[in-house]
Amino acid sequence: MKNEKNIKTTIGEEVDLLIVGAGPIGLACGIEAQKAGLRYTIIDKGCLVNSLFHYPYNMTFFSTSDRLEIGEVPFISHGAKPNRAEALEYFRRVCSSWKLNVRLYEEVVAIEWNGTHHLTETSKGRYTSKTVILALGFYDLPYRLNVPGEDLPKVRHYYDEPHPYFAQKIVVVGAANSAVDVALETWRKGANVTMVIREAGIRESVKYWVKPDIENRIEEGSIVAHFNSEVLAITPTTVQIRTPEGKKEIENDFVLAMTGYQPPFGFMGKTGITFLPDEFHTPEYNPQTMETNVPQLYLAGVVCGGLKTNKWFIENSRIHASLIIDDIKAKQGQR
């Protein structure tokens, strides 16, 4: 690794660059900032690579390990594609190898541009910085069902492993990859699975090697699926749904709402970022520099796609880090 000199910072200290988000792309931005000799701090309201930490325990990435590498740190996995545990180990190693300035479990409350600097308020202090990068994920804000009973303990918007659902009557809401994976895995581990799906069928975007599996399980009756249907209410022992045949009430122990997640649009709007008038609520930014309409406020990673959360991944947004740091250096008159 080159230019790995680390300039330590403290809480509340003025820095050249504040990076919000300690996911893979936030870490990549920190590495590029460190290479450029910038005083920077990476802040995250959760743990390191918080979104990856909340993935299901048995999740395997679509990409090979080499496509997930950042900071010239080799990523070696046992299989052709790495799993969640290997990814968490890898990004811990990246952070340690580069001795990145990371502050975890510190939530950013507000960011304000005063004409020359950004003033950032967090749960632990106040920072002044010339530049801010928002490397935000979208895994913290699930789409809610907005029905009575959604806040019962039996309702979950995150899935970790199948064991707790053995011999339980579960309802899986959704028809995309997450919902299909949860339905199949819990059924194979002994759960009684019912799917409630707004659409007329399983989504075409579901992984090609999984889609026939779920469709065959539904066709044979192993997994019950209610298409063109929606959840109306949840009680401690039942779920009420609307189907093309009318309203039904089914016995239920757990509801796994795999309805997807969204970027923190409200927070972004409060910083002054504007959005394109499209159906995806895409934030405005310069694709050559990643700078938004707010001076020296940049976006990096999946947040750039708005509701198109499948547009940007680790492997195709790593370049955002170098684009941003190059622009910061150009503004400072560096080559």
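Biologist: Where does Trp209 lie?

Modeller: First the ground rules: this is a predicted model, where local features need pLDDT of at least 70, side-chain atom pairs count only at pLDDT 80 or more, and totals for chains, interfaces and linings use all residues. Residues are numbered from 1 along each chain as its sequence is written, and side-chain values use heavy atoms, with hydrogens and water left out. Helices (H or I, at least four residues) and strands (E, at least two) are DSSP runs, numbered from the N terminus. On that numbering, Trp209 lies in the loop between β9 (192–196) and α5 (211–219).

Biologist: Is Trp209 buried, exposed or partly exposed?

Modeller: Buried means under 20% relative accessible area, exposed over 50%, and partly exposed in between (1.4 Å probe, protein chains only). Trp209 has 48% relative accessibility, so Trp209 counts as partly exposed.

Biologist: Which residues make the nonpolar surface patch of about 440 Å²?

Modeller: Patch members need over 30% relative accessible area and no salt bridge; like charges are joined within 9 Å, nonpolar side chains (Val, Leu, Ile, Met, Phe, Trp, Tyr) within 5 Å. The areas come from Shrake-Rupley with a 1.4 Å probe, and for residues only the protein chains shown count as cover. The patch is made by Phe62, Tyr208 and Trp209.

Biologist: How far apart are the closest N and O atoms of Arg198 and Glu230?

Modeller: A salt bridge here is a side-chain nitrogen of Lys or Arg within 4 Å of a carboxyl oxygen of Asp or Glu. Arg198 is exposed at 61% relative accessible area, while Glu230 is partly exposed at 25%. Arg198 and Glu230 form a salt bridge, with the closest N and O atoms apart by 3.4 Å.

Biologist: How many residues apart is that pair?

Modeller: Arg198 sits in the loop between β9 and α5, and Glu230 in strand β11. The pair links distant parts of the chain, and the separation is 32 residues.

Biologist: How many salt bridges does the structure hold?

Modeller: One of them joins the side chains of Arg126 and Glu121 (2.6 Å, N to O). Arg188, Asp213, Arg217 and Glu220 are linked in a network of them. The total is 19.
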